[in-house]
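Subject: Structure handover

Hello,

Here is the structure I promised to pass on. Please open it next to this note and read the two together.

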Amino acid sequence: MPLPLVMSGGDVDPDRSVTFYVRNLYADRNDDTCRPRYIRVIIHPDTEHLRREAERYGREGHARDGDVIEPDTIALFQPSKFRAVIGSDRRTWIDTSTSFAGMLRLSRDHLTPDILAHEAIHAAAHITRLHNWHAHGGGRLSLGDGDSGDAEESFAYLAGGITAVISNRVWDYLQATAA
């Protein structure tokens with residue numbers, strides 16, 4: 001059953017952005033050190049609005065340094081920054097990042113399954129990197145040695161879960177804005 005659409009104010013209006021959150025995202029549910037993360041998803045009325053808001057978000061210092069919004073961008077995931085401090089033992093990094101993993105931006109005129117899955121994979125990869133950075137001392141994304149092992153399965157569940165929630169919400173949005 002689709003989840004209720006959480007709107008960024010008022011009735012669903014195709015000329016306004018709509019915001020919802022995807023919560024309780026775990027890079028590895030079998031690892032007790034894994035923290036739940038969440039992403040914010042925004043459906044923008046068009047690609048120009050998406051680019052303008054993504055650039056503003058970056059200028060305000062929320063996105064990673066050096067991220068550039070290209071003129072042909074039609075969707076994107078703006079990951080949160082890695083945040084950690086060195087522990088008192090001077091060897092251990094302590095995770096100081098919030099649970100927020102990033103902003104996934106979609107454009108109303110490009111809500112296709114391949115774009116939803118593509119951006120969900122970027123989100124899943126970043127959540128996995130956040131976990132690997134803080135739990136294992138490096139932000140690499142490794143899915144194993146080519147066999148479908150535990151790492152690949154965890155990643156597939158995470159990407160599939162993100163895609164499912166976004167797909168259900170986009171479907172609700174399209175139904176609510178249909179003429």
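Buried means under 20% relative accessible area, exposed means over 50%, and partly exposed is in between. D67 has a relative accessibility of 35%, so D67 counts as partly exposed. The place of D67 is the loop between helix 1 and strand 3. D67 is twelve residues from P79 in sequence, and their C-alpha atoms are 9.6 Å apart.

Please keep in mind that this is a predicted model.

**Confidence**

The mean pLDDT of the protein chain is 83. A score of at least 70 is reached by 83% of the residues. Strand 2, residues 37-44, has the highest confidence of the chain, at 97. Strand 5, residues 93-95, has the lowest, with a mean of 74. Residues 1-10 have a pLDDT below 50. That stretch still has 24 contacts in the model beyond near neighbours in sequence. Where pLDDT is low, the predicted coordinates should not be read in detail.

**Layout**

The protein chain has three helices and six strands. Their order from the N terminus is β-β-α-β-β-β-β-α-α. The chain has 179 residues, and 40% of them are buried. Take the contacts with a separation of 6 or more: 62% of them join residues 24 or more positions apart.

**Around helix 1**

Start with L50, which sits in helix 1. Is L50 buried or exposed? Its relative accessibility is 0%, so L50 counts as buried. Beyond residues up to four places away in sequence, L50 touches H44, T73, I74, A75, L76, R105, L106 and S107. One of these, I74, is 24 residues from L50 along the chain, with 7.6 Å between the C-alpha atoms.

R105 is another partner of L50. R105 belongs to strand 6, residues 100-107. Along the chain, R105 and L50 are 55 residues apart, yet their C-alpha atoms are separated by 6.8 Å. R105 is buried because its relative accessibility is 2%, and the cut-off for buried is under 20%. With neighbours within four places in sequence left aside, the contacts of R105 are I42, H44, L50, E53, A54, Y57, A75, L76 and Q78. Which side chain makes a polar contact with the side chain of R105? It is that of Q78, at 2.6 Å.

T73 also touches L50. T73 lies in the loop between helix 1 (47-59) and strand 3 (76-79). T73 has a relative accessible area of 12%, so T73 is buried. A polar atom of the T73 side chain lies 2.9 Å from the backbone oxygen of E70.

**Two more residues to check**

S80 is in the loop between strand 3 and strand 4 (84-86). Its relative accessible area is 9%, so S80 is buried. A polar atom of its side chain is 3.2 Å from the backbone oxygen of F100.

N24 is in strand 1. The phi of N24 is near 55 degrees, a positive value in a residue other than glycine. Most residues other than glycine have a negative phi.

**The largest pocket**

How much space lies in the largest pocket? The volume is about 450 Å³. Its lining has 21 residues. A27, D28, D150, S154 and F155 are the ones nearest the centre of the pocket. Strand 1 (18-25), helix 2 (113-136) and helix 3 (150-177) are the elements that each give two or more residues to the lining. Helix 3 gives the most, with nine residues. By type, the lining has eight nonpolar, nine polar and four charged residues.

Please send any comments once you have been through the model.

Best wishes

Terms used:
Residues numbered from 1 in each chain as written. Predicted model: local features only at pLDDT ≥ 70, side-chain atom pairs only at ≥ 80, totals over all residues. Heavy atoms only, no water. Helix = DSSP H or I, 4+ residues; strand = E, 2+ residues; numbered from the N terminus. Buried < 20%, exposed > 50% of the residue type's maximum accessible area, 1.4 Å probe, protein only. Polar contact = N/O pair within 3.5 Å; in protein donor to acceptor, adjacent residues only side chain to side chain. Contact = heavy atoms within 4.5 Å. 1 Å grid on protein atoms, 1.4 Å probe; cavity = no way out; pocket = protein on both sides within 12 Å on 5 of 7 lines; lining within 4 Å. Points joined across faces, edges and corners; volume = space filled by probe spheres on them. Nonpolar A, V, L, I, M, F, W, Y, C, P; charged D, E, K, R; others polar. pLDDT = per-residue confidence, 0-100.
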